[in-house]
Amino acid sequence: MSNQDYLQQQLAREANLFAARGSAGNQGRTRTYIVADFEYGYDRDRHNGYGVAEGKDAEEKIRWPFHRVAAASWCVMRFKRGSDTPEIQGPVVLSSNDHSEKEMVSAFFDAVDQEPGAVLVTWGGEHKDLAVLRRTAGEFDLIMPGQLRELSPVSERRIDLCDAVSIRAESVHLPEYAAACSIPAKPSPSKTIGELVEKGMWGDVEEQVLADVMATAIIMLRHLKSHGLIRCAIPACSLALANAATGANPDSEFLRRTFKPWAQLKDSTANYTCPIYRAA
């Protein structure tokens with residue numbers, strides 16, 4: 001990328017960010033959230049090199065600087081006042097099966113750049129995901145979207161649900177919280193994901209990262225409504241999410257056999273008592 005192209009890209013992104021901030025009045029009509037999750041493999045070669053260089057003082061655990069993005073998934077949800085359900089794009093699912101780490105992160109950055117006013121939602125993102133993405137941006141000469149450039153862990157442009165639901169209580173894992181709330185979650189045990197990546201079992205890896213986005217999205221819906229940020233019938237929104245996700249990922253067994261039947265059951269047994277619209 002030439003210096004001129006870099007400058008033009010930077011100016012365009014800053015213009016989008018300015019426009020998003022300047023249109024605060026429009027937030028009364030539409031509010032957008034991007035739910036994202038990532039899975040990782042270990043860069044054992046570089047970690048071994050670090051261990052040799054540092055000797056007995058080296059950190060034995062392979063920590064986040066040596067974690068490489070092996071799969072990525074994200075979903076865009078727009079809440080418009082007067083609409084029964086959110087407008088949903090995705091989820092998109094990418095993996096190392098046919099994409100490089102740079103390609104996956106660049107695609108995610110581009111998607112977030114398209115929604116400069118959106119709030120980025122993760123589970124535990126402030127503890128690892130965002131650090132890895134920032135390291136990746138620097139390593140591959142990528143320009144991060146504005147949501148990642150704000151360094152405060154309490155930025156209004158991001159929500160880490162792991163922190164938001166616990167506040168000062170002990171932080172918990174996503175499948176732990178999901179199980180307590182009867183939300184379908186990971187099809188494979190959390191600690192097996194590294195092995196799945198190293199064995200190249202990309203179908204299972206993609207199912208895992210997709211399931212994480214779906215569970216996080218449901219938790220987000222409940223969190224936003226309980227905090228008065230949206231007013232909606234959660235079962236209807238959950239079913240809309242299931243339908244959109246199945247349409248975007250028709251080969252996903254997790255969606256067909258687990259998530260969508262769960263959402264259909266929730267919707268069929270719901271007692272709707274209020275219209276669906278974004279709260280003021």
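This briefing covers the sheet, the helix packing and some local backbone features of the structure above. The model is predicted. Five strands make an open sheet of mixed pairing, in the order 3-2-1-4-5. Helix 10 packs on this sheet, and helix 11 crosses both helix 10 and helix 9.

**The sheet**

- Strands of a sheet pair through backbone hydrogen bonds, in either the parallel or the antiparallel sense.
- Strand 3 and strand 5 (158–160) are the edge strands, each pairing on one side only.
- Between neighbouring strands of the sheet the average turn is 20°, with direction ignored.
- Strand 1 (residues 30–42) pairs with strand 2 in the antiparallel sense over 13 bridges. In this part of the sheet, Tyr-42 stands opposite His-67 of strand 2.
- The pairing of strand 2 with strand 3 (residues 87–95) is also antiparallel and runs over seven bridges. Here Met-77 stands opposite Ile-88 of strand 3.
- Strand 4 (residues 119–122) and strand 5 pair in the parallel sense, over three bridges. Thr-122 has Asp-160 of strand 5 as its bridge partner.
- Helix 10 touches strand 2 and strand 3 of the sheet, and its direction makes about 45° with that of strand 3.

**Strand 2 and the hairpin**

- Strand 2 (residues 67–80) is largely enclosed by the rest of the structure, because 13 of its 14 residues are buried.
- Strand 2 and strand 3 form a hairpin, with six residues between them. Within the turn, Gly-82 has a positive phi of about 90°.
- Thr-30, in strand 1, is 53 residues from Ser-83 in sequence, and their C-alpha atoms are 10.0 Å apart. Thr-30 has a relative accessible area of 23%, so this residue is partly exposed.

**Helix 4**

- The buried residues of helix 4 (residues 125–139) are Gly-125, Asp-129, Leu-130, Ala-131, Val-132, Leu-133, Arg-135, Thr-136 and Ala-137.
- These buried residues pack against strand 1, strand 2, strand 4 and strand 5, and against helix 3 (101–113) and helix 5 (146–149).

**Helix 9 with helix 11**

- Two packed helices are described by the angle between their axes and the distance between the axes.
- The axes of helix 9 (residues 202–226) and helix 11 (residues 253–268) come within 10 Å and cross at roughly 20°. Angles under 35 degrees count as roughly parallel, so helix 9 and helix 11 are roughly parallel to each other.
- The crossing of these two helices is right-handed.
- On helix 9, the contact is made by Glu-207, Leu-210, Ala-211, Met-214, Ile-218 and Arg-222. On helix 11, Glu-253, Phe-254, Leu-255, Phe-259 and Trp-262 take part.
- By class, this contact of helix 9 with helix 11 has eight nonpolar and three charged residues, and no polar ones.
- His-223 also lies in helix 9. With 12% relative accessibility, His-223 counts as buried. Apart from neighbours within four places in sequence, His-223 is in contact with Leu-161, Ala-164 and Val-165.

**Helix 10 with helix 11**

- Helix 10 (residues 234–248) and helix 11 have axes that come within 8 Å and cross at roughly 155°. Angles over 145 degrees count as roughly antiparallel, so helix 10 and helix 11 are roughly antiparallel to each other.
- The crossing of helix 10 and helix 11 is left-handed.
- Helix 10 contributes Pro-235, Ala-236, Ser-238, Leu-239, Leu-241, Ala-242, Asn-243, Ala-245 and Thr-246 to the contact. The residues of helix 11 in this contact include Leu-255, Phe-259 and Trp-262.
- The contact of helix 10 with helix 11 divides into 10 nonpolar, four polar and three charged residues.

**Backbone exceptions**

- Most residues other than glycine have a negative phi, and most peptide bonds are trans.
- Gly-90 and Pro-91 are joined by a cis peptide bond, with omega about 5°. Pro-91 is found in strand 3.
- Asp-141, in the loop between helix 4 and helix 5, has a positive phi near 60°. At 58% relative accessibility, Asp-141 counts as exposed.
- Ser-182 also has a positive phi near 60°, and is found in the loop between helix 7 (174–180) and helix 8 (193–198). Ser-182 is partly exposed, with a relative accessible area of 46%.

How values were computed:
Residues numbered from 1 in each chain as written. Predicted model: local features only at pLDDT ≥ 70, side-chain atom pairs only at ≥ 80, totals over all residues. Heavy atoms only, no water. Axes fitted to C-alpha atoms, helices over the stretch in contact; angles between N-to-C directions. Helix = DSSP H or I, 4+ residues; strand = E, 2+ residues; numbered from the N terminus. Parallel < 35°, antiparallel > 145°, perpendicular 65-115°, else oblique. Left-handed = near helix turned anticlockwise from the far one by under 90°. Contact = heavy atoms within 4.5 Å. Nonpolar A, V, L, I, M, F, W, Y, C, P; charged D, E, K, R; others polar. Buried < 20%, exposed > 50% of the residue type's maximum accessible area, 1.4 Å probe, protein only. Pairing = 2+ DSSP bridges.
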